[in-house]
Amino acid sequence: MADLEKEINRRRTFAIISHPDAGKTTLTEKLLLYGGAINLAGSVKGKATARHAVSDWMEIEKERGISVTSSVLQFEYDGFCINILDTPGHQDFSEDTYRTLMAADSAVMVIDGAKGVEPQTRKLFKVCGMRGIPIFTFINKMDRDANETLDLLDEIEKELGIETCPINWPIGSGKNFKGVYDRQKKHIVIYSDTQKGTKEGTATVIDYNDDKAVIEAIGEAAKAKLDEDMELFDIAGAEFDIEKVRGGKLTPVFFGSALTNFGVEIFLQNFLEMTTTPLPRKTETGIVDPVKEPFSAFVFKIQANMNKAHRDRLAFMRICSGHFDATKEVRHVQGNKTMRLLQPQQLMADDRKILEEAYAGDVIGVFDPGIFSIGDTVCDPKLDVKYEGIPTFAPEHFARVRQVDTMKRKQFVKGINQIAQEGAIQIFQEIASGMEEIIVGVVGVLQFEVLKYRLTNEYNVEIRMEPLPYEHIRWIKNYEGMDVSKISGTSDMKKIQDLKGRPLLIFVNAWSVGMTLERNPGLELSEFGSAM
Ligand code: G4P
């Protein structure tokens, strides 16, 4: 038992979120270098490496040179066992990106110091905020001219509505970026230039009270600027409060340059101390303690068609409690069946490794013969739990979809329903139109291509897609007992329903949402659908 506790408590499971190009891939690679997983560093799927990746996954991946799927990178550092959940970004941004955040215990938000908060950061942040998980900020690219530090902090507070507490403070930026000032330890860390892709290079620590040495290292002007910044910050800034961090109310902020490896290790060390061990999870009947309970996990992602020849699916599960032993039977709660999980594996970039055991905090992929759905619970047969489901996230692109050959209606409906069930797309219909008109909603436009490709290749159905101009969707929270036809909306609003017959509203313009709320007192709208 003691070992189990030790194994679980040394785990840290987090996702890195960022707007494309802020430096998520570069930072991930550097973190892996510290974990000694050097051979892996080059295989993190970034734009550059993916071009050469040999993958047996969907053709679409190969054609586009991008990864539609995500993986988990596990490495050891200083006694910790770290799981980084890779969130698909760029063009392959999809609902899976959001769902991955459901499996993380904390998030690291990477921000480009010259760009500040960008749209995709905002969206991902909102999903983290919904769960109240701790969020750590790494302000990257300080080796390029960056915005004023105080302005960056102010922007995060105003735009994202979270308090900030800088753990360190940058000394200069661009060509003059020398290193960082550690506010708690009251010393500065000066970096010498490092080679790209290595962790070599020196970091010199100087006591900030040693004026002479500080001036020698950073110059008088930089010291004066730092003193002034600190004075201003001490008046206006938030105090560090670990409870607020744990509740997602305050974000510790770090500065650095992932590319030149300035400030990455300080970040990692502080982050590991401040972030949480695997968090207890809510079930329908209470909270499950990761250490005290036997094995339990929930499915947060289903990846279909990993191998075209076998039409196989992998279900990704986040282990929430106990120890997973591949030789033991587990119960699939929703299917009410006891079984052995098939081919449990860990996905590391391009590699798959068969697992014999794993612990709470880890993520495993298992072979799915088509029985799992997103949100399902799998647990020790002795345990009687059912995890709270995963919400449905707002699609931002919509298209009307029809099959080209009317004779293939049956295959079309079957295919599109199955793909929706896996959570790759959402399907809707116009209210009272029957199943004739199907509207597909996706979070990232690439999902349209995936849909088209899969319907052609797996179901032998050609489709035609007509893009629709809607970008904003709202679930009606209090629709029960309501006459939806009476909702008076704007001219750019359309009423639709999901497969369960729940009504939704879609809008072309964001401001129409507010207008509709104003016109219909008592109407409650939500950006997240209830659990799947
Ligand atoms: P992403 O995963 O968030 O999309 O970003 P990624 O790490 O791929 O970084 C995007 C670009 O920014 C890359 O340049 C990368 O080298 C650069 N970059 C990342 N961190 C830093 C940093 O700390 N300082 C500076 N100056 N640049 C940084 P690229 O030219 O698009 O790709 P590459 O040819 O360098 O691979």
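Modeller: What follows goes through the ligand site and then places that site in the rest of the protein. The model is predicted, and the values below are computed from it.

The shell around the ligand consists of 19 residues, and the closest of them are Asp21, Lys24, Thr25, Thr26 and Asp143. Sorted by class, eight residues of the shell are polar, seven are charged and four are nonpolar. Helix H2, which covers residues 24-34, contributes three residues to the shell, the most of any element.

At threonine 26, an N or O atom of the side chain is 2.5 Å from a ligand oxygen. At lysine 141, a polar side-chain atom lies 3.1 Å from an oxygen atom of the ligand. At alanine 22, the atom involved belongs to the backbone: an N or O atom there lies 3.4 Å from a ligand oxygen. As for cover, the ligand on its own has 710 Å² of accessible area, and the protein covers 73% of this.

Another residue to look at is threonine 149, which is part of helix H8 (residues 149-160). Its relative accessible area is 8%, so threonine 149 counts as buried, the cut-off being under 20%. Beyond its neighbours within four places in sequence, threonine 149 has contacts with Trp169, Pro170 and Phe255.

The wider setting is as follows. The protein has 532 residues, of which 55% are buried, and its secondary structure amounts to 15 helices and 33 strands. Of the contacts between residues at least 6 apart in sequence, 71% join residues at least 24 apart.

One of the sheets can be traced strand by strand. This open sheet has eight strands with antiparallel pairing, in the order E28-E25-E27-E26-E30-E31-E29-E32. Its edges are strand E28 (463-468) and strand E32 (525-526), each of which pairs on one side only. Strand E32 pairs with strand E29 (residues 472-476) in the antiparallel sense, over two bridges. Within that pairing, leucine 525 in E32 is the bridge partner of isoleucine 476. In general, the strands of a sheet pair through backbone hydrogen bonds, in either a parallel or an antiparallel sense.

Definitions and conventions:
Residues are numbered from 1 along each chain as its sequence is written. This is a predicted model: local features need pLDDT of at least 70, side-chain atom pairs count only at pLDDT 80 or more; totals for chains, interfaces and linings use all residues. Side-chain values use heavy atoms; hydrogens and water are left out. A residue is near a molecule or strand if one of its heavy atoms lies within 4 Å of it. A polar contact is a pair of N or O atoms within 3.5 Å; within protein, one must be able to donate a hydrogen and the other to accept it, and residues adjacent in sequence count only if both atoms are side-chain atoms. Accessible areas come from the Shrake-Rupley method with a 1.4 Å probe; for residues, only the protein chains shown count as cover. Helices (H or I, at least four residues) and strands (E, at least two) are DSSP runs, numbered from the N terminus. Ala, Val, Leu, Ile, Met, Phe, Trp, Tyr, Cys and Pro count as nonpolar, Asp, Glu, Lys and Arg as charged, and the others, Gly among them, as polar. Buried means under 20% relative accessible area, exposed over 50%, partly exposed in between (1.4 Å probe, protein chains only). Contact means heavy atoms within 4.5 Å. Two strands pair if DSSP finds at least two bridges between them.
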